[in-house]
Amino acid sequence: MSGMFTQRGINITSLTVSPCEKEGLSRMTVALEGSESELEMVRKQLSNLIEVVKVVDLKESEAIIRDLCLLKVHAKDSEARSEVMQLAESYGAKILDAALDSVTLELTEEPKKIDRFVDLMRHFGVKQLFRTGVTAIGIGAGG
Amino acid sequence: MRGENQGKMAKQKLRGAEIVVEELKTEGAEVAFGIPGGALLDLYDVLYKEEAIRHILMRHEQCAAHAADGYARVSGKAGVCIATSGPGATNLVTGLANANMDSSSVVALTGQVPTSVIGTNAFQESSTFTITMPITKHNFLVKRTEDLPKVIHNAFYIANTGRKGVVLVDLPTDILAGEAKVDLHPKETFAGYKPNIKPNQVQIKRVVETLANAERPLILAGGGVISADAAVELRHLADFLGAPVVTTLMGKGAIPENHPFCLGMAGMHGQLYANRAINECDALLALGTRFSDRTTGWQLDQFAPDATLIHVDIDTAEINKNMQVDIPIVGDVKLALSGITKLLEKKRAKKSGSEWEKRIKKMHSACDSCVEEISREGASVSDILIKEISRILDDDAIVTTEVGQCQMFAAHYYMTKKPRTFISSGGLGTMGFGFPAAIGAKIAAPDKQVVDIAGDGSFLMTCQDMATCVENDIPVVVCLFDNRYLGMVRQFQELFFDKKYAQTGLGITPDFVKLAEAFGCYGERVEKPEDLKDALNNAFKSGKPAVLDMIVGKEDKVLPMIPPGGSITRMIGTERCKRI
C-alpha cells in the first residue's frame, strides 16, 4: 500500500496497521490531506489493490479520530516539573514517569489537540517525541 | 472429508513443481517462454516430461516477457513467461512493466532462493516481490506449497479479468521441491477483487441521450476495445450513428482503417484530420482509453473543447484521472457498446447524410490521399516503405513494431484492418519490444504472416533471439529501417535542439544481412522501396526467420507531429497535407 502511495506521488500524513474484528484481515488507517479529486483518486487506487477488501472514506467531521503521543519533557527544577505536570493534567495527559530533570507523558487525543499540547511543551524543551499516527472510527452506527 | 470419497476431489500428494504445472494446464497455458536456472530445477524437471505445455527457450528474459506479451495480445489468452531468481527475474522487469502499462495479460513465474535464506543476500537472490510490486497488477511470494493451487489459479484469474495486466508468482526452491496434499483446481478468489463488468444502465441512458442529440459525434477507440473483443460492436455503433472513429496507438485495429468512417490514429503523431475531428466534435465517446498525453497533447483545455465527454473504461481509477469527463461508465466496453446501440436502435436515432458525415467523408479522403500519394514533409523513403508493406501483406498479417520513428511511421501509414494485428509498445515505449513480441505473435498465430517493423537501434537491443527463432522454427520477418541513428531522438534534436545530435548517431553498425545469416536466418538488403516486394516474397518463401535491411534516409522525420508541450490543434509539418 505504501508502495502505491509512492508510485502515485501521494503524500500521506500517517499510516497505521492493526488487526480488526475479523480474523485474517487487518485494518489500515491512512491520514492525508488533498482536494476532493485527489482523494477520489486515492480511494479508487486503493480499491484497485487486490487484497484491499473495502475502502471507507472518513471525513474529519464524521469520525472520532485519535492519535497517541509519548513525550519526554525537560524539567530542570521542581518549579518546571510541577508546571509541566499541571499543564499535562489540564490536557488529560497521563504522567508515565518522572525523573529529577524530566517528565514522561502520554496523551491520546485528536491530532490537533496533541499538536497544541506538544507546542506548549516545547516551551520546557522536548527531549523525545513519539506519535503513532491516527486511527479513526465512524460516529454513530456508520463508518 | 466428503471430497475424499469422490475420487476426483480427493486431495493429492504432489510436488510443488507438479502442482504449478498441473494448474498451468488447467488454466489453458499451452506455451511458456522462459529460461531455466538454479532456482527452477524442480520446475524444469516437471516441464521436461510435460507434453501439453510447449516451452520456448529464449535467449534473454526480457524477450521472454515480451514474447508472452505478444502472445497474449494476439491470442487474447494470458501469456506465460518463466525466469530464474536474481538476474533472471530482474531481466524480466522491463518486459513486465511494458505488458502491464499496455494492460496485457501476462503471468510470470520466477524462481526464488529457499525461504530459509530469503533476506540473506544468498546467491542469485533479488527481492523480486518488492521490485515488481509497482509494475504488476498483483504479485505473490509463495511461502507454503499447499498455497500453490490457489495462487496459480488466481494469477490467471487476476491477469485476465477486469483491466488485464501482469501477475507475477515468486517461487522459492523449497516450495517447488516440497510436497503437499492439495485439492487441485480451486475456485476461491479474493474478497477484495471484484472487477466491474456490467455497466450502469442509468449511465447508458444518459449516453444515448447525448449521442442522439449530438450533431457532431465522434468515437475515440483505445486498446480497451481490442482487449474486450468489441470491434464488431464498435463498427455497429459507428455505422448506426454515422459517427467517425479515431483511435489511439493501442486502439489501432479496433476498426478497419480503410473504413469510410475511420480517420486513423489521433494524437502526437496522428493523422491531421483525426485531431481536427476531435477539435470539431460536440460529443466524444472515449472507449477503453486512458487519455494518455500522447493522445491528448499537453494542453487539455484544447482537447475536444466543445464536446460532451463520455468515458467508458473497465478501470474506475481511469475515470477523471487525466481528463475530467461529463458522463463516465465503468464496465466492459463490449457490454457498454451493445447496450448503447440497442437503446439507440429502439429510439431509431439513426443519423445519416448529415453535414458532419459529409465533412468526415471529405476528411477521410484527405487522409487517404495523404497515405496513398503524398510523400510527407521530411521523409524520403521511410513512409513509402511502410505504405509498400501495407500493400503487400495479407489483410490478417500481424505487424509488431519496435519503438521510435519506425513505430510512428507504422502507426501513421500502416493500414490495420483487423483487431489484434497491430502490436506495439504504447505506454512504456520499450525499444527492443517488437522482435520478441513477434516471436510470441507467431506462436499464437502460426499461419499468419508476422512482420516486425524495426529500427536498427531497437533491433540491436534484442536481436540475440534470432537464435530462438532459428532453433524453434519461428519464421518472423524483421523489416529493419536502417538509418544508423536513434532516429526519433535525433528528430527531436534536429527540431528542438539546434541539430546537436548528442549520442544519437550509431556510427558503425553491423552488416545486418550477414548478422542474420550468421544466426541461420535469411537476410537481404533493400536499397530501394521498389525492391521491397521481391525481398518480402523471398523472405516468406525461405521459410526461415528473416531480416530485411532497408536503407532509409538518415534524416527522415515522422511528420506531422504535436511538438512537446503543444496542443492537439497545432501540428507541425502539415504543409503538404491536403487542405479542406
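Strand E18 (residues 477-482) of chain B is largely enclosed by the rest of the structure, because six of its six residues are buried. Buried here means that 20 or more other C-beta atoms, placed from the backbone, lie within 10 Å of the residue's own; 12 or fewer makes a residue exposed, and anything in between partly exposed. Strands are DSSP runs of E with at least two residues, helices are runs of H or I with at least four residues, and both are numbered from the N terminus.

This is a predicted model, in which local features need pLDDT of at least 70 and side-chain atom pairs count only at pLDDT 80 or more, while totals for chains, interfaces and linings use all residues. Residues are numbered from 1 along each chain as its sequence is written, and chains are lettered from A and ligands numbered from 1 in the order in which they are written.

The residues of E18(B) point two ways. Val477(B), Cys479(B) and Phe481(B) point one way, Val478(B), Leu480(B) and Asp482(B) point the other way, and all of them are buried.

E18(B) also has strand partners, where pairing requires that DSSP finds at least two bridges between two strands. One partner is strand E17 (residues 450-455) of chain B, which runs parallel to E18(B) and is joined to it over five bridges. In this pair, Cys479(B) of E18(B) has Ile453(B) opposite. Another partner is strand E20 (residues 546-551) of chain B, again in the parallel sense, over six bridges. Here Val547(B) in E20(B) is the bridge partner of Val478(B).

Chain A comes next. It contains four helices and seven strands, and from the N terminus on their order is α-β-β-α-β-α-β-β-α-β-β. The radius of gyration of chain A, taken over C-alpha atoms, is 18 Å, whereas a compact globule of 143 residues would have one near 15 Å, by the rule of 2.2 Å times the number of residues to the power 0.38. The C-alpha trace of chain A spans about 55 × 35 × 30 Å along its principal axes. Of its 143 residues, 15% count as buried. Two residues are in contact if their C-beta atoms, placed from the backbone, lie within 7 Å. Among contacts in chain A between residues at least 6 apart in sequence, 61% link residues at least 24 apart.

Finally, the two chains meet. Chain A gives 13 residues to the contact and chain B gives twelve. On the side of chain A, helix H1 (2-7) and helix H2 (36-48) are the elements that give two or more residues. The largest share, seven residues, comes from H2(A).
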